[in-house]
Amino acid sequence: MSSDDNVLSFSEKREENIERKRRNFERILFNNFLGAYSVIDQAGVVFPIEMLDISQDGMSFRVPRGAVGSSFRKNEELTLRMYFTKNSFIPVVSNIMWSKDVKGDDGEIYLEYGVQFDKSIPTFEALKPFIEFLYKFAELSTEDKGKSKVYYL
């Protein structure tokens, strides 16, 4: 065993920590603040999805297995509505890249999907800074440990 095998990579650990914080923040944001609805244009059906992860290239989400209109095929185009207020949304066009069955913590079976964003659609330009914010927040945020020190007024 060489001495290099025992060396801890601080940059690798830092990146792992940032990724963990980003995913945790995304789940809180998605579950408490941001509504997202998938729109199936062919059938005119709108139903909620559970957003799991998002990046500049795409996102993953899940829906209960058997939900009306929730079954999609690879390469199928899907329009997502990203609601930032109760009545206002950004339509985002995406393509299904993968799907799988997943058992949720609640014991239910879900269909989980990964989609790739169509970046040529003008509305993606509105979503792009939001995604950048998520990454910067994860990188630069600090967890509140209950200290009472005030840093600004």
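Student: What makes a residue count as buried, and how many of the 153 residues do?

Tutor: Buried means under 20% relative accessible area, exposed means over 50%, and partly exposed lies in between, with a 1.4 Å probe and protein chains only. By that rule 35% of the 153 residues of the chain are buried. This is a predicted model, in which local features need pLDDT of at least 70 and side-chain atom pairs count only at pLDDT 80 or more, while totals for chains, interfaces and linings use all residues. Residues are numbered from 1 along each chain as its sequence is written, and side-chain values use heavy atoms, with hydrogens and water left out.

Student: Which elements does the chain have, and how do you know where they are?

Tutor: They are DSSP runs numbered from the N terminus: helices are H or I of at least four residues, strands are E of at least two. The chain has two helices and seven strands, in the order α-β-β-β-β-β-β-β-α.

Student: What makes Arg62 and Glu50 a salt bridge?

Tutor: The definition asks for a side-chain nitrogen of Lys or Arg within 4 Å of a carboxyl oxygen of Asp or Glu. The N to O distance for Arg62 and Glu50 is 2.8 Å, so the pair qualifies. Arg62 lies in strand S4 (residues 58-64) and Glu50 in strand S3 (residues 50-54), so parts 12 residues apart in sequence are tied together. Arg62 is buried at 15%, whereas Glu50 is partly exposed at 27%.

Student: Which ring lies under the charged end of Arg62, and how do you know?

Tutor: The ring of Tyr110 does, with the charged end 3.9 Å from its centre. The rule requires NZ of Lys or CZ of Arg within 6 Å of the ring centre and within 35 degrees of the ring normal.

Student: How many salt bridges are there by this rule, and which residue does Lys119 pair with?

Tutor: The count is three. Lys119 pairs with Asp57, the closest N and O atoms being 2.9 Å apart. This pair links distant parts of the chain, 62 residues apart: Lys119 in the loop between strand S7 (109-117) and H2, Asp57 in the loop between S3 and S4. Another of them joins Asp101 to Arg65 at 3.2 Å.

Student: Why is the pair of Phe133 and Phe137 called what it is?

Tutor: Rings of Phe, Tyr and Trp (its six-membered ring) pair if their centres lie within 6.5 Å; planes under 30 degrees apart are stacked, over 60 edge-to-face, and the rest tilted. The centres of Phe133 and Phe137 are 5.8 Å apart and their planes stand at 45°, so this pair is tilted. The two are about one helical turn apart, because they are four residues apart in helix H2.

Student: How many aromatic pairs are there by this rule?

Tutor: There are five. Among them, Tyr83 and Phe89 are tilted, at 5.1 Å centre to centre and 45° between the planes. Tyr83 is buried at 14%, and Phe89 is partly exposed at 33%.
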